[in-house]
Amino acid sequence: MNTQLALQDAPFKRIDGKRASARVLSEVAEQVKQLQQQGAQPGLAVVLIGEDPASQVYVRNKVLRAAEVGIYSLEHKLAADTTQADLLALIDSLNNDPQIHGILVQLPLPEGMDETRVLESINPLKDVDGFHSSNVGGLSQGRKVLTPCTPAGCMRLLHDTCGDLSGLHAVVVGRSNIVGKPMAALLLQANCSVTLVHSRSRDIERLCRDADILVAAVGRPKMIKRDWLKSGAVVIDVGINRIASDSGTRLVGDVDYEDVYDQVAAITPVPGGVGPMTIAMLMQNTLDAARMQLSKGE
Ligand SMILES: Nc1nc2c(c(=O)[nH]1)N[C@@H](CN(C=O)c1ccc(C(=O)N[C@@H](CCC(=O)O)C(=O)O)cc1)CN2
């Protein structure tokens, strides 16, 4: 097989997630406008429990992006000591609110809350994070369901960069429910041969060296080095790690960007790569959820 990827309109090695996310947002805004002309308005509820500083930033950005694309949004800020019963009661009321088509509970939840119980209480049709078991199952069967935002954003970047992914060997590093597992399912749907490696995998470096596409989602700063990659690989770095620097802290990915740069055909930076796509794909999911519900008369 020709392992040298034919890159699609990609004169630059650095895959620009900010630019790609702006394109997604402008497509969504256009489609929201068309829905509004038919008298419909997509609505998103974002629920934040506690005061995690990073989560506060992400939630604020979700609400801002929603306003920019014309999606009606409601932010529910709950105290860190909110009971699970109160959270479930809020989700129940949002499930029954006809103005709300998408519900997102920001993760991580405060300690003591049962994440599975909370995520399973969201109506799967309003589950814009794609974390409900019915959407997870649908994704693994290749059905058209609401799909987790970060992996959906990675797929968009990969298609923009490489075009058709059929027959390529994709290696996903990390097996989280939010990124690793759905990423593997989406790559399989795109006809890749997929290897999922994790902390118990033997000889991870050798497995990674066989990747045409490598997706890193482990949360370990700069773990992936140049000699883990074959020449010409396309690298998607999902890691967002805060490390100490001279001027306080800075963000780095799971891939050592400077070390691998000359080895790869294309790579996402951190920040400015996958991160911005997560919120753009949330807007796309909210629009899709609204369309699905409106077509079912809900
Ligand atoms: N319910 C959910 N919770 C969480 C998700 C999710 O998809 N659904 N993902 C992450 C956090 N997240 C969105 O919620 C998110 C993370 C990062 C970014 C982003 O734009 N990152 C920037 C850097 C921002 C910074 O300075 O911190 C970048 O990479 O360029 C957006 C959204 C966990 N929780």
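These legends describe close-up views of a predicted model. Residues are numbered from 1 along each chain as its sequence is written. Local features need pLDDT of at least 70, side-chain atom pairs count only at pLDDT 80 or more, and totals for chains, interfaces and linings use all residues.

**View 1. The shell around the ligand.** There are 18 residues around the ligand, counted when the C-beta atom, placed from the backbone, lies within 6 Å of the molecule. Tyr-58, Leu-107, Pro-271, Gly-275 and Thr-278 come nearest. By class, 12 are nonpolar, five polar and one charged. Here Ala, Val, Leu, Ile, Met, Phe, Trp, Tyr, Cys and Pro count as nonpolar, Asp, Glu, Lys and Arg as charged, and the others, Gly among them, as polar.

View 2. Helix H2 (53-69), strand S3 (102-105), helix H6 (149-162) and helix H10 (274-295) each supply at least two shell residues. H10 gives the most, with four. Helices (H or I, at least four residues) and strands (E, at least two) are DSSP runs, numbered from the N terminus.

**View 3. Two domains at the ligand.** The chain is assigned domain 1 (39-126) and domain 2 (148-276), with bounds from an automatic or database domain assignment. Each gives at least three residues to the shell. Their centres, taken over C-alpha atoms, are 28 Å apart.

**View 4. The surroundings of Gln-41.** Gln-41 sits in the loop between helix H1 (17-37) and strand S1 (43-49). Leaving aside neighbours within four places in sequence, Gln-41 is in contact (C-beta atoms, placed from the backbone, within 7 Å) with Gln-36 and Tyr-72. Ile-100 is 59 residues away from Gln-41 in sequence, yet 9.2 Å away in space, C-alpha to C-alpha.

Technical notes. Two residues are in contact if their C-beta atoms, placed from the backbone, lie within 7 Å.
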